[in-house]
Amino acid sequence: MKLILYSLPLAVFMSFCTPKGDKTVPEKPNIVIFYADDLGFGDIGIQGAVGVETPCIDNLAENGLRFLDGHCSAATCTPSRYSLLTGSYAFRNNAAILPGDAPALIRPGSATIASMFQKAGYKTGVVGKWHLGLGDGFVNWNEEIKPGPLEIGFDYCFLIPATGDRVPCVFVENHRVVGLDPNDPITVSYSERIENEPVGMEHPEMLKLMADMQHSEAIVNGVSRIGHMQGGEEARWVDEDFADVLVNKANKFINSNKEEPFFLFFSFHDIHVPRVPHSRFVGKSTMGPRGDAICQMDWCTGEIVKTLEELGLDKNTLIIFSSDNGPVLDDGYFDQAEELIGNHNPSGIYRGGKYSAFEAGTRVPTIVYWPGEIKTGVSNALVTQVDLYASLAKLVGQEIPNGDAPDSFDMLSTWLGRSTNGRKVMLEEAFTIAVRDGNWKYIEPVKSDPPAWFANKRIESGLSKEVQLYNLENDSGEQKNVALKYPEKVKEMQQMLIEIRKTGIR
Ligand code: NG6
Ligand code: CA
């Protein structure tokens with residue numbers, strides 16, 4: 001009896017804390033993931049940006065922990081988002097960039113980081129870009145749109161359904177298009193033009209931003225997009241309002257859940273194309289719309305952090321800031337990103353960019369902020385977003401059932417700065433797959449060239465018909481292929497890739 005009396009308070013205490021070596025951390029903090037789109041390693045002030053300032057993000061970094069070897073799982077959007085949410089590498093589900101009318105890639109009932117948080121008693125929300133598909137194959141945008149985030153663990157969603165550059169150009173809140181007039185139904189097509197619909201390639205006089213052929217179909221708000229869309233005039237978004245709309249929705253979500261633990265996945269539209277920031281950000285950088293969109297993104301971050309502070313939640317909220325892939329300048333719109341780049345280097349010291357198997361494809365800004373709990377500073381540990389699932393599960397005391405999140409490792413101590421141990425082996429997915437083993441990097445050779453549209457991106461794809469091996473310890477710019485010099489290392493890494501492909505790591 002005595003034993004029970006004494007041990008009970010300890011058990012209760014233990015249930016509120018997760019032991020982490022020398023220190024315990026409070027269990028069940030709020031979690032906010034800020035997920036920028038196409039933001040490169042060098043695109044933030046603290047990592048050397050020139051011509052644009054990011055004071056709010058820099059503040060998170062200066063008072064938090066900044067990872068210099070932090071990665072999204074892939075060099076494009078859908079695969080990285082898939083991995084972040086499922087703890088599974090994208091190749092396991094053939095996840096690739098999706099058209100705007102693609103069915104839900106993560107099927108209802110699948111375990112996700114959001115459903116894991118739900119099980120732990122969290123309210124969960126996603127605000128912003130989705131790009132993981134909606135519906136079952138054919139979406140009628142005038143009816144209930146499902147399955148989607150609500151069927152895989154989110155209690156609330158407010159979405160740009162795919163990306164800003166493709167139809168449908170409307171917001172979806174939970175299961176419905178926002179502000180839809182039933183007398184003006186929406187039709188969407190990715191295969192053919194819809195009658196009478198003006199398209200960018202025929203009506204340049206209707207455009208405020210010129211685009212390449214792929215982005216020259218449906219015209220919405222003076223910007224042409226990928227895909228065709230008719231109807232839904234009242235519901236169509238205004239690109240310039242994205243920042244305000246999304247920040248408002250995020251702040252509302254935080255406000256309505258301030259009494260309970262919440263998980264917010266804030267998924268920026270910025271700095272993806274089309275870059276059409278609000279007028280108050282125009283000219284705030286020396287780089288035209290791409291730089292101005294960075295300012296806007298920084299502002300959004302600051303506004304949401306301010307809300308947390310005003311509600312007194314900042315000390316009890318773990319913030320993660322990162323990006324879904326590396327940088328690109330010209331991604332289809334003529335917004336002078338290349339002409340006005342000046343001395344700015346979006347990839348930092350790394351080679352490649354978005355779509356690339358070189359480091360800048362996946363090595364992106366990675367910051368963790370949690371006042372009072374994070375060991376502040378800079379970490380060289382190798383970390384990947386695919387591990388957030390298992391690491392945060394550990395933080396909130398959730399066991400991961402066998403088979404869920406197969407590629408996700410618990411690296412919580414590293415994410416919190418309590419350990420300097422990084423991931424030993426990790427994949428970087430692009431048009432091919434690369435393996436990191438500490439500072440070694442192996443890039444699997446390919447038989448085919450990148451798709452034709454990639455040619456005008458002026459990004460090095462990292463693809464080669466030859467085996468590539470780099471030692472990032474003395475060659476972080478991946479200039480010297482040492483595959484021939486270290487055949488044993490190549491073999492070892494090829495074997496690792498075979499094992500990972502076969503099994504999943506757990
Ligand atoms: C590409 C688009 C590009 C961008 C990208 C998705 C063409 C030629 N290019 O296919 O503009 O939309 O998809 O970007 O259509 S991502 O960040 O969502 O992966
Ligand atoms: Ca992206």
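Biologist: In this predicted model, is Lys-354 buried or exposed?

Modeller: Lys-354 is buried, because its relative accessible area is 4%, and the cut-off for that word is under 20%. Asp-331 is likewise buried, with a relative accessible area of 4%.

Biologist: Which residue forms a salt bridge with Lys-354?

Modeller: The general idea is that side chains of opposite charge can pair when their charged atoms come close. Here Lys-354 pairs with Asp-331, the closest N and O atoms being 2.8 Å apart. Both residues lie in the loop between strand E14 (317–323) and strand E15 (366–369), 23 residues apart.

Biologist: Where does Arg-92 lie, and where does Asp-407 lie?

Modeller: These two form a salt bridge whose closest N and O atoms are 2.7 Å apart. Arg-92 lies in the loop between helix H3 (77–86) and helix H4 (113–119), while Asp-407 lies in the loop between helix H7 (388–395) and helix H8 (412–415), so the pair ties together parts that are 315 residues apart in sequence. Arg-92 is partly exposed, at 27% relative accessible area, whereas Asp-407 counts as buried, at 0%.

Biologist: How many salt bridges does a search of the whole structure find?

Modeller: The search finds 41, and some residues are linked in a network of salt bridges, among them Asp-69, Arg-363 and Glu-478.

Biologist: How many disulfides does the structure hold?

Modeller: A disulfide is a covalent bond between the sulfur atoms of two cysteines. The structure holds zero. The sulfur of Cys-56, for instance, is 9.7 Å from the closest cysteine sulfur, in Cys-300, which is too far for a bond. For Cys-169, the closest cysteine sulfur is in Cys-77, 15 Å away, again too far for a bond.

Definitions and conventions:
Residues are numbered from 1 along each chain as its sequence is written. Chains are lettered from A and ligands numbered from 1 in the order in which they are written. This is a predicted model: local features need pLDDT of at least 70, side-chain atom pairs count only at pLDDT 80 or more; totals for chains, interfaces and linings use all residues. Side-chain values use heavy atoms; hydrogens and water are left out. A disulfide is a pair of cysteine sulfur atoms within 2.5 Å. A salt bridge is a side-chain nitrogen of Lys or Arg within 4 Å of a carboxyl oxygen of Asp or Glu. Helices (H or I, at least four residues) and strands (E, at least two) are DSSP runs, numbered from the N terminus. Buried means under 20% relative accessible area, exposed over 50%, partly exposed in between (1.4 Å probe, protein chains only).
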